[in-house]
Amino acid sequence: MNSETEYRDGLDRLASHYRSVLELLGEDPEREGLQKTPMRVAKAMQVLTRGYEMDAHKVLTDALFKEDYSQMVIVKDIDFFSLCEHHILPFYGKVHVAYIPNGYITGLSKIARVVDIFSHRLQVQERMTLQIKECIEQTLHPLGVMVVVEAKHMCMQMRGVEKQNSVTTTSDFSGAFNQAKTRQEFMNLIHNR
């Protein structure tokens, strides 16, 4: 979604709920600075959760090409932002994806789009990592897939333990990446700046 995109059904109802939230927090939703806030938040939440309306498998198949290349393809440093489903606070960072083609490749930007689709949902980092891997695996049928996600979680930085510099890393892999040597090659390549 961009500023000219239509919003999903339920926008006014969602804004009404945010108005109630402001009241429950002790605020006056009629004061000048808050009058438009419920609708702004409703629109923002629809943008931040637009992944529910998108099909990640279709994104990959729309740019599927027959190719005999069978070495590692890596798309690293894919920026992402998501919302933690436990506190609805942001977590953000980088996703690194590798796959080894098995007769077919996809457009490189499509890998980043898959990350966007799964990150634009209420998430936990572990599930998002798995969903990205499974989507590529089920759609491209590669010889192997590996996904590494490195993220900072505002729910750990702003509340709770309040640890500002902690980074959470998750990974998932299949196929050829079950071999330690192949995993290590990928890790060396993504951390070689």
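Val97 counts as buried, at 1% relative accessibility, where buried means under 20% relative accessible area, exposed means over 50% and partly exposed lies in between, calculated with a 1.4 Å probe on protein chains only. This is a predicted model, in which local features need pLDDT of at least 70 and side-chain atom pairs count only at pLDDT 80 or more, while totals for chains, interfaces and linings use all residues. Residues are numbered from 1 along each chain as its sequence is written, and side-chain values use heavy atoms, with hydrogens and water left out.

Val97 sits in strand β3 (residues 90-100); strands (E, at least two residues) and helices (H or I, at least four) are DSSP runs, numbered from the N terminus. Leaving out residues up to four places away in sequence, Val97 is in contact with Val73, Ile74, Val75, Ile78, Ile111, Ile132, Ile136, Met146, Val147 and Phe186, contact being defined as heavy atoms within 4.5 Å. The C-alpha atom of Val97 is separated by 17 Å from that of Thr168, which is 71 residues away along the chain.

Along the principal axes, the C-alpha atoms fill a box of roughly 60 × 40 × 25 Å. Of the 193 residues in the chain, 39% are buried, and among contacts between residues at least 6 apart in sequence, 71% join residues at least 24 apart.

Two helix pairs can be followed next. Helix α1 (residues 11-24) and helix α2 (residues 37-48) pack at an angle of about 125 degrees with their axes 8 Å apart, the axes being lines fitted to C-alpha atoms over the stretch in contact, and the angles running from 0 to 180 degrees between N-to-C directions. The two helices α1 and α2 are therefore oblique to each other, because angles under 35 degrees count as roughly parallel, over 145 as roughly antiparallel, 65 to 115 as roughly perpendicular and the rest as oblique. The contact brings Leu11, Asp12, Leu14, Ala15, Tyr18, Arg19 and Leu22 of α1 together with Thr37, Pro38, Met39, Val41, Ala42, Lys43, Met45 and Gln46 of α2. Sorted by class, the contact of α1 with α2 has 10 nonpolar, 2 polar and 3 charged residues, where Ala, Val, Leu, Ile, Met, Phe, Trp, Tyr, Cys and Pro count as nonpolar, Asp, Glu, Lys and Arg as charged, and the others, Gly among them, as polar.

Helix α4 (residues 108-119) and helix α5 (residues 125-140) pack at an angle of about 140 degrees, and their axes are 10 Å apart. That angle makes α4 oblique to α5. Here Ile111, Val114, Val115, Phe118 and Ser119 of α4 meet Met128, Gln131, Ile132, Cys135 and Ile136 of α5, and the contact of α4 with α5 comprises 8 nonpolar, 2 polar and no charged residues.

Ile117 also lies in helix α4, and this residue is buried, with a relative accessible area of 0%. Apart from residues up to four places away in sequence, Ile117 touches Gly51, Met54, Asp55, Ala56 and Val59.

Two polar side chains deserve a look in the strands. His153 belongs to strand β6 (residues 144-153) and is buried, with a relative accessible area of 12%. The side chain of His153 makes a polar contact with the side chain of Gln125 at 2.7 Å; such a contact is a pair of N or O atoms within 3.5 Å, and within protein one atom must be able to donate a hydrogen and the other to accept it, with residues adjacent in sequence counting only if both atoms are side-chain atoms. Asp172 is found in strand β7 (residues 168-175) and is also buried, at 18% relative accessible area. Beyond its neighbours within four places in sequence, Asp172 is in contact with Thr129, Leu130, Lys133, Val145, Met146 and Val147.

Asp77, in strand β2 (residues 73-84), has a positive phi of about 60 degrees although it is not a glycine, and Asp77 is partly exposed, with a relative accessible area of 27%. His141, in the loop between α5 and β6, has a positive phi of about 50 degrees, again without being a glycine, and His141 is exposed, at 52% relative accessible area.
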